[in-house]
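Visitor: I would like to learn how to read a model of this kind. Please take me through it feature by feature.

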Amino acid sequence: MPQSDDERLCALEARLTRDDPRFARAMSSGRPARPREYRHTGAWCTLAVAIAVLATGIAVADGLLIATGLVLAGIAVELFDPHRERGRRGEPPLG
């Protein structure tokens with residue numbers, strides 16, 4: 001027997017509240033906020049630090065600083081992936 005539309009909407013609302021409570025509260029108050037997938041403040045900060053460390057490593061010719069900058073840049077790029085949490089909690093990947 002197929003689910004009613006109300007049941008589907010309630011399930012969708014519960015999943016949204018569980019996945020991103022800040023976004024769900026903002027939608028219910030009528031003042032939308034960006035979903036978690038589009039908030040990249042931490043990623044931008046990590047990328048800025050990575051570039052600074054990499055540039056410093058190149059300027060002083062220190063291999064350890066260069067390697068650290070490259071590793072931090074890799075971490076920052078990974079933070080930009082909007083679906084990085086998928087699959088870790090047993091959810092199927094999108095697509």
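Guide: Start with a loop. Ala61 sits in the loop between helix H3 (41-60) and helix H4 (63-79). Note that this is a predicted model.

Visitor: What is the phi of Ala61?

Guide: The general idea comes before the case. Most residues other than glycine have a negative phi. Ala61 is not a glycine, yet its phi is positive, at about 55 degrees.

Visitor: Is Ala61 buried or exposed?

Guide: Ala61 counts as exposed, because its relative accessibility is 66% and the exposed class begins over 50%.

Visitor: How many helices and strands are there in the protein chain?

Guide: The protein chain has four helices and zero strands. Along the sequence the pattern reads α-α-α-α.

Visitor: How should I describe two packed helices?

Guide: Two numbers are used: the angle between the axes and the distance between the axes. Here, take helix H1 (residues 5-19) and helix H2 (residues 21-29), whose axes come within 5 Å and cross at roughly 125 degrees. H1 is therefore oblique to H2. An angle over 145 degrees would be needed for roughly antiparallel.

Visitor: Which residues make the contact between H1 and H2?

Guide: From H1 the contact takes Leu16, Thr17, Arg18 and Asp19, and from H2 it takes Pro21, Phe23 and Ala24. Sorted by class, the contact of H1 with H2 has four nonpolar, one polar and two charged residues.

Visitor: What does Leu16 touch, not counting residues up to four places away in sequence?

Guide: With those sequence neighbours set aside, Leu16 touches Pro21, Phe23 and Ala24. Leu16 belongs to helix H1 and is partly exposed, at 34% relative accessibility.

Visitor: How many salt bridges are counted?

Guide: The count is one salt bridge, and the case to look at is Asp5 with Arg8. The cut-off is 4 Å between a side-chain nitrogen and a carboxyl oxygen, and the closest N and O atoms of Asp5 and Arg8 are 3.7 Å apart.

Visitor: Where do Asp5 and Arg8 lie relative to each other?

Guide: Both are in helix H1, three residues apart, so about one helical turn separates them. Asp5 counts as exposed at 53% relative accessibility, whereas Arg8, with a relative accessible area of 45%, is partly exposed.

Visitor: Now the whole chain. What share of the 95 residues is buried?

Guide: Buried residues account for 15% of the 95 residues in the protein chain.

Visitor: Among contacts between residues at least 6 apart in sequence, what share joins residues at least 24 apart?

Guide: In the protein chain that share is 33%.

How values were computed: Residues are numbered from 1 along each chain as its sequence is written. This is a predicted model: local features need pLDDT of at least 70, side-chain atom pairs count only at pLDDT 80 or more; totals for chains, interfaces and linings use all residues. Side-chain values use heavy atoms; hydrogens and water are left out. Axes are lines fitted to C-alpha atoms, for helices over the stretch in contact, and angles run from 0 to 180 degrees between N-to-C directions. Helices (H or I, at least four residues) and strands (E, at least two) are DSSP runs, numbered from the N terminus. Angles under 35 degrees count as roughly parallel, over 145 as roughly antiparallel, 65 to 115 as roughly perpendicular and the rest as oblique. Contact means heavy atoms within 4.5 Å. Ala, Val, Leu, Ile, Met, Phe, Trp, Tyr, Cys and Pro count as nonpolar, Asp, Glu, Lys and Arg as charged, and the others, Gly among them, as polar. Buried means under 20% relative accessible area, exposed over 50%, partly exposed in between (1.4 Å probe, protein chains only).
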